[in-house]
Amino acid sequence: MKHIIESQQFNQKLINEIFSIADKLENKTDNSCKGKIMVSLFYEPSTRTRFSFESAMLRLGGSVITTENAKEFSSAAKGETIEDSIRVINNYADVIILRHFEEGASQKAAAVSKIPVINAGDGVGQHPTQALLDLYTIKRELKKINGIKIALVGDLKNGRTIRSLAYLLGKYKNVKIYFVSPKDLRVGEDIKKYLNRHNTYYKEIEDLKSIIKEIDVLYQTRIQKERFKTEKEYKKFKGCYKIDLTLVKQMKPKSIIMHPLPRVDEILPEVDNSPKAVYFKQTHYGLFIRMALLKMILKN
């Protein structure tokens, strides 16, 4: 595991190893990355991913150098290619955390990098470390992954988090996935072909209420304004799914509500105090997962 680029590179054995290390790192620090330097290279805005990676590295005894808007505040503004930027950064660090607006940017970076590159989200492509922390959240909260019923809700066409999570869910047994979205925002064919190859049940629907009583996990995502070409197109879908307490009360007693965040208006604040709402715990679990990944990828 030199680079972390996509969810498909993880099998159950590796996932279990990551989860085991994450469990041991909860609320702890160590010096396994002492003397190592991490670069946070973010071409798109981020709060959780950037801060959790930087916090993870510091908790492991390492150091961090960062730019939060590399599109404007790096040589990219002068026309430098991602490949050239990565070649240069190789001289200064031991691992690169890359968030980019272009799908496939992490693969381009990994192709020329001698040090590990971790994909922290690339356009509408993938976000593998988010998928791992999402899966870890499910395991921690429900005590299982096999056999769950999960609804992935919202902008499934542009949502890199649901793409990455779906790839991981396809590695487990008897999982049922409900893709809940407007017709124009349905999940890509590549995901459906992957799930078909892995004999994973999925169903595309528009009505969330029709399956709300069945699911163990409600994974809500926002309608991503930045992915639409016009304001008019965005407003066509904005607010198409909203989670309120009335809907939450119809869910199974032990079910959970997740969200990769940030949210806009798709989960009402009144839901936050429900024991089913685990989206802020999700961000906490993400710290342990990213500590585990850095510890593993930098162990040599």
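Start by selecting Ser40 and Ile97: Ser40 stands opposite Ile97, which belongs to strand 3. This is a predicted model, so local features need pLDDT of at least 70, side-chain atom pairs count only at pLDDT 80 or more, and totals for chains, interfaces and linings use all residues. Residues are numbered from 1 along each chain as its sequence is written, and side-chain values use heavy atoms, leaving out hydrogens and water.

Now widen the selection to strand 1 (residues 37-42) and strand 3 (residues 95-100), which run parallel and are joined by five bridges. Strands here are DSSP runs of E with at least two residues, helices are runs of H or I with at least four, and both are numbered from the N terminus. Two strands pair if DSSP finds at least two bridges between them.

Zoom out to the open sheet: four strands in the order 2-1-3-4, with parallel pairing. Which are the edge strands? They are strand 2 (63-67) and strand 4 (117-122), each pairing on one side only. On average, neighbouring strands of this sheet are turned by 15° against each other, direction ignored.

Next, pick helix 2 (residues 48-59), which packs on this sheet and touches strand 1, strand 2, strand 3 and strand 4. Contact means heavy atoms within 4.5 Å. The direction of helix 2 makes about 175° with that of strand 1; axes are lines fitted to C-alpha atoms, for helices over the stretch in contact, and angles run from 0 to 180 degrees between N-to-C directions.

A salt bridge is a side-chain nitrogen of Lys or Arg within 4 Å of a carboxyl oxygen of Asp or Glu, and the structure holds 14 of them.

Hop over to helix 1 (residues 12-25) and helix 6 (residues 128-142), which pack at about 70° with their axes 11 Å apart. That makes helix 1 roughly perpendicular to helix 6 (65 to 115 degrees). To see the contact, select Ile15, Ile18, Phe19, Ala22 and Asp23 of helix 1, plus Leu132, Leu135, Tyr136, Lys139 and Arg140 of helix 6.

For the last stop, color strand 6 (residues 176-180) and strand 7 (residues 201-205), a parallel pair with five bridges. Ile177 has Tyr202 of strand 7 as its bridge partner.

Technical notes:
Angles under 35 degrees count as roughly parallel, over 145 as roughly antiparallel, 65 to 115 as roughly perpendicular and the rest as oblique.
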